[in-house]
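Please keep the structure open while reading.

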Amino acid sequence: MPYKIITYETADQLMHPDSEFSPYRDAIHITATNSLKHGIVNNNDDFRKWIGDEVYSFSELSQTIGDGWFAPSTELHQYTILSQVLHQFSDEKKVRHHPMHGAIDKDQETVLSTIRFLRESGITSQDLSALATASDEEQTFYYAVQEMERLEVFQKFDDWIDGFSDTTLDMFEGALVELIDKGKESRGDNERQSEAKQIVKRLFRNREVIVLHGFYFLMPIQKMIFDRLSEWIEVVHVVNYIEGYERGFEPVEKFLNMKSTTHVKALRHSYPINIHAKNFLGVLNGMFDDEVEGDIYRFTNLYQFRKYIADEDHVLVSPRAGTLKGYMEDPDSPRELQLSRYPFGSFLLDIHRLNVGRYDVVEGEYKNTDGVTADLLQRIFSSGFLLVKGKSSKIYLNALRRISPLIEKNASFEQWYEALGQIKQQRKVLTMEFGIPHFERRQKNERNLRDHHMYNHPFESIGHLSVQDEEIDGIIEGMKAIETLYQKLFNSNEGKMKEVGKVDIESYVELLDGHIQSEILPHIMQEADKKIVESVREALNDLKDSPIDIVQREDLLKGLNFFLGGTPHEDEYAAEMRDGHRASTNSVVSPMLNSDGLQFDINRNIHFCLMDQKAFPYTQSLNLWPLKKENCDELFRNNVNLRQLKMKKELEFEIACYLFYIMMCHAVHIKFSFIQEVGQEKGLSPSYYLELMGLKTSRPTEIEGEDSLSSDEDEGYAIKKIDYHERVFHIMQHETYLRCKRRALYSFLLNDRPVFESGFHGGFTFENLLHFGKEGSRGASEPRFNLVSRAFPHLTDMEKQMSRDHHDAYWLSARKPYRPGFVMLDSIRYRDRQQNLTVFGSKNNKDKKTYQAEDFDNVHVKPSPGEHCKYCPYQMICRDAHVNTR
């Protein structure tokens, strides 16, 4: 029998006692999204009981259909096998176009998604036989589909589909029993299962009805299931819809074929619709008569926006929710995210990324190499989950960051150890060259030890050479701990891992969990962090259910990267389908595609934020790569289920507008806003459709006059008095103080000495070391040039020679040779005052100041911004320097 459709304009029409929906209240209800389920459940209590207790989302249902097809561990298995299949295709010398095969290898997530969509639509390799003689990438895809069809998981899914076609009601009844059984976890197993069976028998089998909410479009698997059910029972769709409008409700009309399907209004009596929703619907249909008063709040940046909404009670909804989540989430109140969004999940993911398996398009073969990049190490050290000598590795992060530019992009652990050892050796050589003899045995005032160290180690003004030997030892120890964990996970001989290069997934999970319990959990103090680690452990335990036995190490690595990290640009609706049983229900910012439940929620104050012209209307993804358009079109013509994806893409604008409308229609109070600067995007303006609604751009009164961070004179700086060790005030400090008091504060009070890290500053420090301490020097001597060159291993020979040529040209033409001067401290004579090594760069007349004797007591921090800011090592942390050197 065809679908039955009940339409409503506002949620109140469904809740009315005389509603056409009333006879279906006591049934089993399936919602399109988790958001809709929670909105319905939250607004259904003893005070207003308008729907039964059995309400579930389709993502929850997906975990009980398909014989494990939608389980995360199944996708891990499929991804890993796909990687193996691509290896096999290469080993059999079937690759004809190496760059294209490399592209497929890099984008296995999309390839797997395409395979799964085709399978869910009932398409097998027999339906794809034309690809056997198609383009190179399609031939590879066809080969992959053929090989993966032989997997047990594909056969189990096919068997489930066949069983569902033959015994539809029995199969679906079993899925519902399992679904309801999972929802009654507070009871004993036997009692729970018995109750679930009784509920399904009473509400589903006896009544022969299932009620579906909010399916304004249908995925292929959904259409297949619902169409098949409708042949045996009554399938009721409940959707937000108003007759008489040409535009605004196209998704519902086309996906549910409303022209030829019976549909009734939930209630003849109308309830008021939010004025903004009514106005938006009018705009879509070319009616601009009723101009509505309202504002589109303009924020300059995310800082202003976060400050504004700090105490707001509105629900935040945005087409850019992914951009806002990381910025808005409170780290002390963790919410459920994909594993890679947790600090601990990111830590595990980075451990797995230390080894890079890729297809070499030049050699035409797979290569497996270490990828111990500086970025990876910095993230691992900063995670807080790595201990070095019983302390957090975070204390070595700054030192690691300064050393990182010296290391090749994809180095091995051995190359890192060698480079770190060379830095230690180079520091010894430079100390002998620039320091004074018998320095350690000289008598020094205890209060001046930092100044003595600074004058005896002038080369420490350079980023990587400022790292102390103890810090280098700490970095090496931390890296060895990382390497030990990596080798334990992937090169261990424990369990079934007997063959070189092979990994047993069960042993892997046990080893990883053992490491977490013994090496990580005991050292976590914050309760929030402990909860996060336990959540990740629970998710990783799903891997034990995977049918994977023993696989190639590099294939499992790719699979685990996929499992932990997810797909970065995945469609939000598809993501909820895939992993909805873990989907967050309390995110600070809700994505528009998953916020349809707000029409039922108790809090119907909504703030639509980041509604700029690039974000709304948003697009829907349709990517069946590597299939070409002509082959996709042929599949769409022949397969009604797969055709749903094409319809979804064709209606992407209409879907965006429909969702925007249904979220507004039942709202009590609505705000609209956009942010002018989001990431690298500048000069953003409000969505065209907000302007068509007659809304006017304005600044919220709370931030009126604040156009940027720099407009706040003192806001953003916390006034705090600090105590610091007394420092000697010599010529170097004097010159720095004259340039900028804040720079002097940063250089000598908050830090031991100024340290230059950028490549721009590196040229100056290189040249100044060529003549450091050499009275009467003009050109650089060969021994000094060779010594300094070895201290800059990351520079090319050409760059070093150019610096030497520039240095020599300057001093050979100078009126006087270099005169280093000297510094006396505690009767120790240092042969260079170092002001040229610290305060360099051109000096304009406006920078010149008359020096008045001051000491470092009660020093003010007011800056003196100017052209000299670009020569300052602290320009990236000084807000005023940023403003003046952009």
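## The surroundings of Phe660

Phe660 touches Phe280, Met592, Phe608, Met611, Phe616, Phe672, Leu690 and Met693, leaving aside residues up to four places away in sequence. The model is a predicted one.

## Nonpolar cores

Phe660 belongs to the largest nonpolar core, which has 120 residues. Within this core, the residues that touch the most other members are Ile30, Ile225, Phe608, Phe660 and Phe672. Helix α28 (residues 652–665) supplies the largest share of the core, with 11 residues.

Another core, of 46 residues, lies apart from the largest one. Its members include Ala374, Tyr396, Ile407 and Ile476.

## Aromatic pairs

The count of aromatic pairs comes to 45. Trp69 and Phe154 make an edge-to-face pair, with 5.2 Å from centre to centre and 90 degrees between the planes. Trp69 is in the loop between α3 (58–62) and α4 (72–91), while Phe154 is in helix α8 (residues 152–166), so their pairing ties together parts that are 85 residues apart in sequence. Trp69 and Phe154 are buried.

A second example is given by Phe766 and Phe792. Their ring centres lie 5.1 Å apart and their planes stand at 70 degrees; planes over 60 degrees apart count as edge-to-face, so this pair does too. Phe766 sits in helix α32 (residues 759–770), and Phe792 sits in the loop between α33 (782–790) and α34 (797–813). The pair therefore links distant parts of the chain, 26 residues apart. Phe766 is buried, as is Phe792.

## A cluster of rings

Which residues do ring pairs link into a cluster? The cluster holds Tyr216, Phe217, Tyr241, Tyr245, Phe249, Phe255, Tyr658 and Tyr661.

## Two helices in contact

Helix α16 (residues 343–352) packs with helix α17 (residues 374–382) at an angle of about 145 degrees. The axes of these helices are 9 Å apart, and α16 passes α17 in a left-handed crossing.

On the α16 side, the residues in contact are Phe347, Asp350 and Ile351. On the α17 side they meet Leu376, Arg379 and Ile380. Sorted by class, the contact between α16 and α17 has 4 nonpolar residues, 2 charged residues and no polar ones.

Conventions. Residues are numbered from 1 along each chain as its sequence is written. This is a predicted model: local features need pLDDT of at least 70, side-chain atom pairs count only at pLDDT 80 or more; totals for chains, interfaces and linings use all residues. Side-chain values use heavy atoms; hydrogens and water are left out. Axes are lines fitted to C-alpha atoms, for helices over the stretch in contact, and angles run from 0 to 180 degrees between N-to-C directions. Helices (H or I, at least four residues) and strands (E, at least two) are DSSP runs, numbered from the N terminus. A crossing is left-handed if the near helix is turned anticlockwise from the far one by less than a right angle, and right-handed if clockwise. Contact means heavy atoms within 4.5 Å. Ala, Val, Leu, Ile, Met, Phe, Trp, Tyr, Cys and Pro count as nonpolar, Asp, Glu, Lys and Arg as charged, and the others, Gly among them, as polar. A nonpolar core is a set of buried Ala, Val, Leu, Ile, Met, Phe, Trp, Tyr and Cys residues joined through side-chain atoms within 4.5 Å. Buried means under 20% relative accessible area, exposed over 50%, partly exposed in between (1.4 Å probe, protein chains only). Rings of Phe, Tyr and Trp (its six-membered ring) pair if their centres lie within 6.5 Å; planes under 30 degrees apart count as stacked, over 60 as edge-to-face and the rest as tilted.
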